[in-house]
Amino acid sequence: MSADRPHILVVGGGYVGMYTALELQKKAKKARITVVDPQPHMTYQPFLPEAAAGNLEPRHVVAPLRKTLRHAHIITGYVDSVDHSRKTAHITPVVGNSYELTYDHIILAPGSVSRTLPIPGLKEHAVGFKTIGEAIYLRNQVLGELDAADSTDDPELRKAATTFTFVGGGYAGIEALAELEDMVRDAVKYYETLSQSDIRFVLVEASQRILPEVGPEMGAYTVQRLLDRGIDIRLNTFLQSCEDGIVKLSDGDEFPSRTIVWTAGVKAHPMLANTDLPLDERGRVTCLPTLQVVDPDGKVIEGAWSAGDCAAVPDLSSETPGATCSPSAQHAVRQAKRLGANLGILLNGGQPEDYRHKHVGSVASLGLYKGVAQVYGIKTKGFAAWFMHRSYHLSRVPTFNRKVRVLADWTLALFLRREVVALGQLHDPRASFELFATPTPAAKPTATPAPPAGGKAGDAEPAKPAEAAKPAEAVKPAEPAEAADKAPEKAPVAR
């Protein structure tokens with residue numbers, strides 16, 4: 001480490017990690033910047049529902065870190081733990097042995113993960129909705145179930161395949177449900193044995209309303225619009241079990257569903273528990289408004305910074321004592337820019353400034369040409385809200401390259417129908433190769449064949465099939481598929 005060129009370690013390549021590194025490239029040009037994330041890209045999560053529904057190309061909603069952060073070193077791997085007393089982080093790359101990395105300043109921005117509950121069958125049968133991989137998987141899962149329903153005459157299987165259950169009525173759940181319901185209604189037109197009446201979408205929400213961010217009036221409007229579309233909404237209801245694909249709810253109802261999407265909230269990344277930095281009761285790093293980490297006594301911990309979903313940052317614009325900034329992209333992006341600027345100011349001998357931002361409102365898409373919004377107290381719905389949603393997020397998606405590609409996708413969608421085809425083989429691409437690469441044993445004859453017609457006692461007998469096959473059986477071919485099945489799996493590491 002050098003005082004002339006301090007080393008800054010950024011844990012996480014999401015909103016906070018990428019935008020902070022971008023700011024540091026401008027405000028701390030002499031610093032060495034290292035970004036560690038298990039994925040080589042940053043995902044713009046507000047566009048995941050449109051990527052899942054086929055309105056956007058999935059590659060256009062992610063920003064490659066190496067291309068975006070040209071002056072930073074990108075490590076594709078995990079930060080397992082941090083010992084800030086020694087200013088050392090333990091790194092596990094996706095390939096190779098783990099090692100320790102020293103730093104001068106650390107920015108903790110691993111973000112959040114899905115908050116799950118110990119519900120029977122949830123781990124085995126549900127899927128989250130926070131990553132581009134989950135969005136692609138869900139699209140293929142939904143369309144694949146339509147293919148399965150159209151290809152069978154089993155009424156129970158058809159019912160389970162055409163029932164789609166979403167748990168959680170926040171942004172992620174409502175937007176994902178609305179966009180995919182739109183896509184399914186379009187897709188059903190191409191299936192001979194399926195009709196619109198066969199399709200069932202179910203929303204399960206534990207509270208008494210959905211989309212609390214847009215206010216009770218817009219939340220009630222959203223419920224009514226979804227009901228008009230035939231969506232089954234269960235408020236004040238909990239998911240009790242989903243074992244064997246049977247959804248059981250707290251209101252006593254149960255039904256088969258082969259697609260279960262869990263979007264019931266998030267929590268701070270569990271990796272933070274493997275650090276020696278102070279956390280609040282929700283597992284978030286405690287921070288000052290300057291985004292510096294602070295201990296319970298109010299003392300700044302030198303060289304430690306944090307922001308975003310994993311940080312408890314005081315909300316200076318709120319009138320509620322002790323309020324912290326909400327876990328939203330709106331705060332994360334602005335906090336990241338303030339953090340990068342503050343660290344640059346500190347390295348140049350100045351004093352960091354407080355982060356202050358009043359939440360301007362929220363926008364949500366309810367499918368193509370439908371939406372709700374509440375911005376600066378102004379309530380909007382329908383096409384205007386949908387257009388506002390797209391315009392706002394287009395302005396916020398990182399890099400000019402991404403903006404152009406997203407705009408091009410939307411423009412083409414005005415003239416061309418979206419593609420509704422499942423590419424489920426993406427999730428197990430080697431299955432067919434392994435199937436046909438496995439050698440098939442030679443069939444043995446059940447009886448010795450009779451000698452050829454006209455043969456005499458002294459004539460030589462023809463070779464028996466079993467004996468003829470012996471040379472080929474002398475060398476047993478390798479069976480890589482079976483060997484792979486027996487290989488021990490690598491233990492998972494904390495992300």
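In this predicted model, strand β10 and strand β17 (residues 259–262) run parallel and are joined by 2 bridges. Within this pairing, valine 127 has valine 261 of β17 as its bridge partner. The two strands belong to an open sheet of 5 strands, in which the pairing is parallel and the order is β10-β17-β11-β12-β13.

**The sheet and its edges**

- The edge positions of the sheet are taken by β10 (126–127) and β13 (232–234), each of which has a single partner strand, so that one side of each is left without a neighbour in the sheet.
- Helix α7, which spans residues 171–187, lies across two strands, β11 (163–167) and β12 (200–204), and runs at about 175° to β12.

**The pair of helices α10 and α11**

- Helix α10 (residues 383–396) packs with helix α11 (residues 400–413) at an angle of about 150°, and the axes of the two helices are 9 Å apart.
- Because an angle over 145 degrees counts as roughly antiparallel, α10 and α11 are therefore described as roughly antiparallel to each other.
- The crossing in which α10 passes α11 is right-handed.
- On the α10 side the contact is made by Arg390, Leu394 and Ser395, while α11 contributes Lys403, Val406, Leu407 and Trp410.
- Sorted by class, the residues in the contact of α10 with α11 comprise 4 nonpolar, 1 polar and 2 charged residues.

Note on methods
Residues are numbered from 1 along each chain as its sequence is written. This is a predicted model: local features need pLDDT of at least 70, side-chain atom pairs count only at pLDDT 80 or more; totals for chains, interfaces and linings use all residues. Side-chain values use heavy atoms; hydrogens and water are left out. Axes are lines fitted to C-alpha atoms, for helices over the stretch in contact, and angles run from 0 to 180 degrees between N-to-C directions. Helices (H or I, at least four residues) and strands (E, at least two) are DSSP runs, numbered from the N terminus. Angles under 35 degrees count as roughly parallel, over 145 as roughly antiparallel, 65 to 115 as roughly perpendicular and the rest as oblique. A crossing is left-handed if the near helix is turned anticlockwise from the far one by less than a right angle, and right-handed if clockwise. Contact means heavy atoms within 4.5 Å. Ala, Val, Leu, Ile, Met, Phe, Trp, Tyr, Cys and Pro count as nonpolar, Asp, Glu, Lys and Arg as charged, and the others, Gly among them, as polar. Two strands pair if DSSP finds at least two bridges between them.
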